[in-house]
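Good morning, colleagues. I would ask you to look at the sequence and the model on the screen while I go through the fold.

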Amino acid sequence: MAKDTKIKPIPEHMHSVTPHLVVAGAANAIEFYKKAFGATEEARLPGPGGKIMHAMIRIDGSAIMLVDEMPEWGALGPKALKGSPVTIHLYVEDADAFVARAVKAGAKVTMPVADMFWGDRYGKIEDPFGHHWSVGTHVRDVTPEEAERAMKEMSAQPAS
């Protein structure tokens, strides 16, 4: 197949890395992300039986693709897998307000928002579909030396 030099390898308005979530109940997840994260829906391709074969939302300009669970194709979400090792990070204007809105919509706080040694106000949540999200607002600049020193001090303290 000949390459069309007018076609961009990375489409307009896309980044080179785009999360693609498998969700049990993708339509419900889209509505949750709209309410909790202020997402906008850009595409939805329903398949046989009403399952979503492909969808795309944007959160503050960044794309996230979604698909319904389809075990027959090996597409399983975090609940079917009994958890997820992946956390998606969101930088936002106000981490506290963002997490509060997400909790009101049904998310669960897994790490309360707090000031962190690397200069962010940061916390973690789990959405109702089992996906993990970290949320941060950069509040101060920290040199690599300051961050390393603070991390060592934190590591030296006993775990609570």
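Predicted model: local features only at pLDDT ≥ 70, side-chain atom pairs only at ≥ 80, totals over all residues.

Residues are numbered from 1 along each chain as its sequence is written, and side-chain values use heavy atoms, with hydrogens and water left out.

Let me turn to the sheet. Four strands form an open sheet in the order β1-β4-β3-β2, and the pairing is mixed; two strands pair if DSSP finds at least two bridges between them. Why is one side of β1 and of β2 left without a neighbour in the sheet? Because β1 (20–23) and β2 (40–46) are the edge strands, each has a single partner strand. On average, neighbouring strands of this sheet are turned by 20 degrees against each other, direction ignored; axes here are lines fitted to C-alpha atoms, for helices over the stretch in contact, and angles run from 0 to 180 degrees between N-to-C directions.

Strand β1 pairs with β4 (residues 62–68) in the parallel sense, over 4 bridges. Within that pair, Val22 has Val67 of β4 as its bridge partner. Helix α1 (residues 26–37) packs on the sheet and touches β1, β2, β3 (52–59) and β4, contact meaning heavy atoms within 4.5 Å. The direction of α1 makes about 5 degrees with that of β3.

Strands β6 (residues 108–115) and β7 (residues 120–126) run antiparallel and are joined by 5 bridges. Val109 stands opposite Ile125 in β7. Between β6 and β7 lie 4 residues, and Gly119 in the turn has a positive phi of about 105 degrees.

I close with the chain as a whole. Its C-alpha trace spans about 55 × 40 × 25 Å along the principal axes. Of the 160 residues, 36% count as buried, that is, under 20% relative accessible area with a 1.4 Å probe, protein chains only. Among contacts between residues at least 6 apart in sequence, 51% join residues at least 24 apart.

Technical notes: Helix = DSSP H or I, 4+ residues; strand = E, 2+ residues; numbered from the N terminus. Buried < 20%, exposed > 50% of the residue type's maximum accessible area, 1.4 Å probe, protein only.
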